[in-house]
Amino acid sequence: MFTKSHKTFRFDSIVKSKHTETAITVCVREMVKSATTKDDAHALFHSLRSAYSATPTNLKIIDLYVVFAVFTALIQVVYMAIVGSFPFNSFLSGVLSCVGTAVLAVCLRIQVNKENKEFKDLPPERAFADFVLCNLVLHLVIMNFLG
């Protein structure tokens, strides 16, 4: 029995059938399909990379900040899983701080992006001021949650 992405082939039924295909032909055909899938995936990654290279530098910096915030939250979750969560408020505060900062940074990226037509009249300085103010409120709430 050969299983490949939702399809199940029984070699004995293929060989016993009156079709001219053999089990080897079916296997070769599936390998060619998977090779074209790999080529499609490679072409997709290449097109994403070339499109992202045209992204302005300020948006790439915001993307890097978002990745850092999410990565820091993941490190905290792994640490909690290994060591334990005795001061649970501290764990929640740290993770919510990272996730909240990442969400606010994504909102900043949406507002600063020149291709976004909804915020074309909003100056980038105003978007950054909103980001800073919201971060200040977020971290004041988190500090209050700590106790």
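Reader: How do you know what span to expect for α3, and how far does α3 reach?

Author: The expected span of a helix is 1.5 Å times one less than its number of residues. α3 has 27 residues, and 39 Å is expected. From first C-alpha to last, α3 reaches 39 Å, close to that value.

Reader: What kind of model is this, and how are residues numbered?

Author: This is a predicted model: local features need pLDDT of at least 70, side-chain atom pairs count only at pLDDT 80 or more, and totals for chains, interfaces and linings use all residues. Residues are numbered from 1 along each chain as its sequence is written, and side-chain values use heavy atoms, with hydrogens and water left out.

Reader: What makes a stretch a helix or a strand here?

Author: Both are DSSP runs, numbered from the N terminus: helices are H or I over at least four residues, strands are E over at least two. On that basis the chain has 5 helices and 2 strands. Their order from the N terminus is β-β-α-α-α-α-α. After α3 comes G84, with a positive phi near 125 degrees.

Reader: Why is S90 called partly exposed?

Author: Buried means under 20% relative accessible area, exposed over 50%, and partly exposed in between (1.4 Å probe, protein chains only). S90 has 38% relative accessibility, so S90 counts as partly exposed. This residue is found in helix α4. Its C-alpha is 9.6 Å from that of M143, 53 residues away in sequence.

Reader: Why does N135 get one label and K114 another?

Author: N135 has a relative accessible area of 11%, so N135 is buried. K114 stands at 69%, so K114 is exposed. N135 lies in helix α5, while K114 lies in the loop between α4 and α5. C-alpha to C-alpha, N135 is 8.2 Å from G100, at a sequence separation of 35 residues. K114 and P124 are 10 residues apart in sequence and 9.5 Å apart in space, again between C-alpha atoms.

Reader: How much of the chain counts as buried, and which residues of α3 do?

Author: Of the 147 residues, 21% count as buried. In α3 they are L59, I62, D63, V66, A69 and A73.

Reader: What makes a set of residues a nonpolar core?

Author: Its members are buried Ala, Val, Leu, Ile, Met, Phe, Trp, Tyr and Cys residues, joined through side-chain atoms within 4.5 Å. The largest such core has 11 residues: L59, I62, V66, A69, A102, L104, A105, L108, V112, A127 and F131. At least two come from each of α3, α4 and α5 (124-146). α4 gives the most, with 5 residues.

Reader: Which residues line the largest pocket, and what makes a residue part of a lining?

Author: On a 1 Å grid over the protein atoms alone, a pocket is an open set of points where a 1.4 Å probe fits, with protein on both sides within 12 Å along at least five of seven lines; lining residues have an atom within 4 Å of a point. Q76, Y79, M80, V83, G84, S85, F86, P87, S90, F91 and G94 line the largest pocket. α3 (57-83) and α4 (88-112) are the elements that give two or more residues to this lining. α3 gives the most, with 4 residues.

Reader: How do you know which classes make up that lining?

Author: Ala, Val, Leu, Ile, Met, Phe, Trp, Tyr, Cys and Pro count as nonpolar, Asp, Glu, Lys and Arg as charged, and the others, Gly among them, as polar. The lining has 6 nonpolar, 5 polar and no charged residues.
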